[in-house]
Amino acid sequence: MKFIGIDLGWKSQPSGLCCLELTAGKLQILDLDRLELIADILTWIDKTVEPEEPAMIAVDAPTLIPNPIGSRLPDKLTHKYFGKYHAGCYPANQNLPFAERTVNFGLELESRGFAHAPTIDPQKLGRYQIEVFPHPATINLFNLERILKYKKGRINERRLELIKLQNYILDILPTLTPPLCTLRLCGSFTSEIPTTGAALKAAEDKLDSLICAYVAAHWWHWGEQRNLVLGDRTTGYIVIPGKMGSGEWGVGSGE
């Protein structure tokens, strides 16, 4: 089973791409990349996952937007449950400039057989897609008290926060189930997180895509036993890992 993470550029900026494969009970990193054009991203997916091959694609972008105005239910629920961690998401509606791009991306995935999976039978092979959101995912995966603020601010401050993210990935994801094998991770980046703006953004996109791919694997492995689903197929939804080590899996679909 393969797990694809896509930190989708909502406008025209590049997207981070990650492919993990579950082999002998461990998640191996097959690829980390960054591409700009949607056509190139879809070509990458087509090359990475054969037409009948089982895989789950986790996209950090609103691929289901049923509401013409305002916010979707899952957007509101991120603020309800994760606002205190600064992890609420941006509102999505059909009138916003990015809506056509992100919704069409989800439709392209559906045309390739990747069905939306806001509910799932754990560990059942298939072709699925889900919407994810790295910020609340990292809150629960790494037991953080607030998000790692690597997206805004001075470059040196963002870099320090991104180093923290990389260290959490290296130290914690190998201890979870399914475990991430990180032998190739360091070789996938420069030995240190970059110090210049453009290179830092590229590293950020790749790390975010890795988090997305891991969330896909965690959802596939555990389903609702150890994950939260904010919303549903009708309202739009976001899949978030449950809080690690506490047994607090209590936020259910649409609550």
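Which residue lies over the face of Trp222? Arg226 does, at 4.0 Å from the ring centre, where a charge sits over a ring if NZ of Lys or CZ of Arg is within 6 Å of the ring centre and within 35 degrees of the ring normal. Arg127 lies over the face of Phe114, at 4.1 Å from the ring centre.

This is a predicted model, in which local features need pLDDT of at least 70 and side-chain atom pairs count only at pLDDT 80 or more, while totals for chains, interfaces and linings use all residues. Residues are numbered from 1 along each chain as its sequence is written, and side-chain values use heavy atoms, with hydrogens and water left out.

The structure holds 4 aromatic pairs (rings of Phe, Tyr and Trp, the last by its six-membered ring, with centres within 6.5 Å; planes under 30 degrees apart are stacked, over 60 edge-to-face, the rest tilted). In one of them, the ring centres of Trp10 and Phe98 are 4.5 Å apart and the planes stand at 50°, so this pair is tilted. Trp10 is partly exposed because its relative accessibility is 22%, whereas Phe98, at 9%, is buried (buried means under 20% relative accessible area, exposed over 50%, partly exposed in between, with a 1.4 Å probe and protein chains only).

Phe142 and Tyr168 form a stacked pair, 5.2 Å centre to centre with 15° between the planes. Phe142 is buried at 5% relative accessibility, whereas Tyr168 is partly exposed at 27%.
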